[in-house]
Structures are given as structure tokens and as C-alpha cells.
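Subject: Structure handover

Hello,

Please find the structure below, with the sequence alongside. My notes on it follow.

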Amino acid sequence: MYDSDEQRWRAVRERDEAADGRFYYVVKTTGIFSRPSCAARLARRENVEFHASLEELRTRGYRPCRRCRPGELERNRQHADRVTRTCLLMNAATEPPNLDDLARSAGYSRFHYHRVFKSLTGLTPHTYWTAVRARRVREMLIRARTVADAIYQAGFGTNGQFYAVSSAILGMTPQAFRAGGAGVEIRSAMGVSDAGPVLVAVAEKGVCAVLDGPESETRARLAELFPDARHRAGDRWLEERLARELARPATPHPGAPLLPAEVRGICRHERIRQSLRTRPHPLPGPADVPALRAG
Ligand SMILES: [Zn+2]
């Protein structure tokens, strides 16, 4: 595709983004190298040389273009790949993973791994793991024969570990959760995240569901999960809180969009859950929902 200088020059002339990362070009008169899609003014062909390796360009003393920042995309992709690798390990793990092991499989030091993970996902590796485990226990509670079975299968070491967080991850008691929300009032609201519409539902003890998809679909899924609850849709207090949370940039890291959709979804849902859990007030009960505005 970009094997000959002729093809490479055409890619540069056309600012072909598909060529980014495949090669770089250096303008010999300035000593600056760019990626093929660089928006800078086109140099004269006779001053342009092509190189495949960033290392080589750097050892020769050429400087990266400040406009297209060659190398950054590759670095971000590498960070995203390595973080993804450890996310998938956690998605499959049945026991709390060890931070040192995760860092090793990412190929980073423990400290660097923690930092890269946090800046890409907005969560610490530990929080990611607890989010995965919580998601799993929510699925298993519905299917498992007993609550205890679900707790162990999801990766909780003890009952105590589960009950310490059960309100926060279920929004109601495990018994009510299994019983289709019987006797529980569930308030819900829609918002729009960078991945599309999202429904958030809260019960008396906290968030009980975060579901992606259009309103009709997510409402049907919520009713399926909690057929015996009293549902109150379009909660304005919740709607405002959710909109405020979704308006905040999730993570400014340019590598974040390179994470797989499943991983991004887990992180997005966890950030929504956290924000409704902790800021700025605990969730009010149905009786003390503040009136947002008159009329
Ligand atoms: Zn450039």
C-alpha cells in the first residue's frame, strides 16, 4: 500500500490518515518529521524523505512536528492495548487480581501501570475490578440458586465482603433484587452519554441499574429486571444529576477512545454509579426529593 516513495508521496499529498503510523516523512530543510496526514503546508517533493521508524528519525536528530505530534498516536495505542490486556484479565478473573501481576502483564512498573490505567479509564485498577465483580454479581443474583452461590461465583471471598457493598451495587437488598424489586420504588431518568442514550435507575439504597440504549428499549429491560417494583420514570432530580455527570469529560486522555467498547462501557457505568453515590448528597428517599423548579 505504501511500499514505494511514489505511493508515500501521494499519501502525504492527500493527507491520508490511513497511512499514519505506517511511515513518517521528514522535511530535510527544516529537520522536522511528520505523520502523513499532517495538516501543515505541503513541502517540496525534493526536500522530503520517508522513514519507517521513529527511532531512526530521533537518532538522526530530527525533531517531531508540533502540529501532528508523530509518535503520540502510537504511544497512546500502546497504552490502550496494554491497559486493555489487563482489563480482559480482570473481566475473566474469579479472584481479586494482584496489582503487581497486572502491571507485569501490561509490561509496566506497578506505579506507572496504576497511573496509565487511571488516566485512560478514569478508574483505578482496583475500582475497575470491583465494578466487574459487581456487574457479575448482579447478573448472577438473578440466575443463581441462592444468594450465597451468586456471591462466591462472582468473586467475593466472603459474605461479609459482599454485604458491605451490596446496597451500593444493588440499590436494594439482595432479597428484593432477586424478587424482581418486590416492594421497592424505582425512580429512573434518561441521559445522553458520549456512547448514546443511557437510563439510570435508583431504588431506596442507591443505583440499581445503568442501561445503554434508546428509551423504549432500556425501559423494557428495566421492567424485565424489576417486574414487581413500583416504577416512576422521568425523575427530574435524577435527570439533572445525571446530566451534570455526563457533561463532565470522562477522561482527557487521547488514548481513551482506543479502548474496546466493552471496557469503556464498564468504566462509564461505574463513573455514573460513583457520582450518584457520593456527590454532593446521598440519594434522597422518595419522600424528600427536592422540587427542582416551580412549574
Ligand atoms: Zn506535522
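Of the 295 residues of the chain, 46% count as buried, where buried means under 20% relative accessible area, exposed over 50%, and partly exposed in between (1.4 Å probe, protein chains only). Please note that this is a predicted model: local features need pLDDT of at least 70, side-chain atom pairs count only at pLDDT 80 or more, and totals for chains, interfaces and linings use all residues. Residues are numbered from 1 along each chain as its sequence is written, and side-chain values use heavy atoms, with hydrogens and water left out.

Overall form

The radius of gyration of the chain is 25 Å, whereas a compact globule of 295 residues would have one near 19 Å. That radius is taken over C-alpha atoms, and the globule rule is 2.2 Å times the number of residues to the power 0.38. Along the principal axes, the C-alpha atoms fill a box of roughly 75 × 50 × 30 Å.

The domain assignment (automatic or from a database) gives domain 1 (5-68) and domain 2 (168-288). Their C-alpha centres lie 47 Å apart. The chain has 12 helices and eight strands; these are DSSP runs numbered from the N terminus, helices being H or I with at least four residues and strands E with at least two.

Of the contacts (heavy atoms within 4.5 Å) with a separation of 6 or more, 59% are between residues 24 or more positions apart.

The accessible surface comes to about 15500 Å², and carbon and sulfur atoms hold 51% of that. Areas are from the Shrake-Rupley method with a 1.4 Å probe; for residues, only the protein chains shown count as cover.

Individual residues

Arg15 sits in the loop between α1 (5-13) and β1 (24-27), and Arg69 in the loop between β4 (63-64) and α3 (72-92). Arg15 counts as partly exposed because its relative accessibility is 33%. Arg69, at 47%, is also partly exposed.

Ser166 belongs to helix α8 (residues 159-170) and counts as buried because its relative accessible area is 6%. Leaving aside residues up to four places away in sequence, Ser166 touches Gly171, Met172 and Pro174. The C-alpha atom of Ser166 is separated by 8.7 Å from that of Ala134, 32 residues apart along the chain.

Regards
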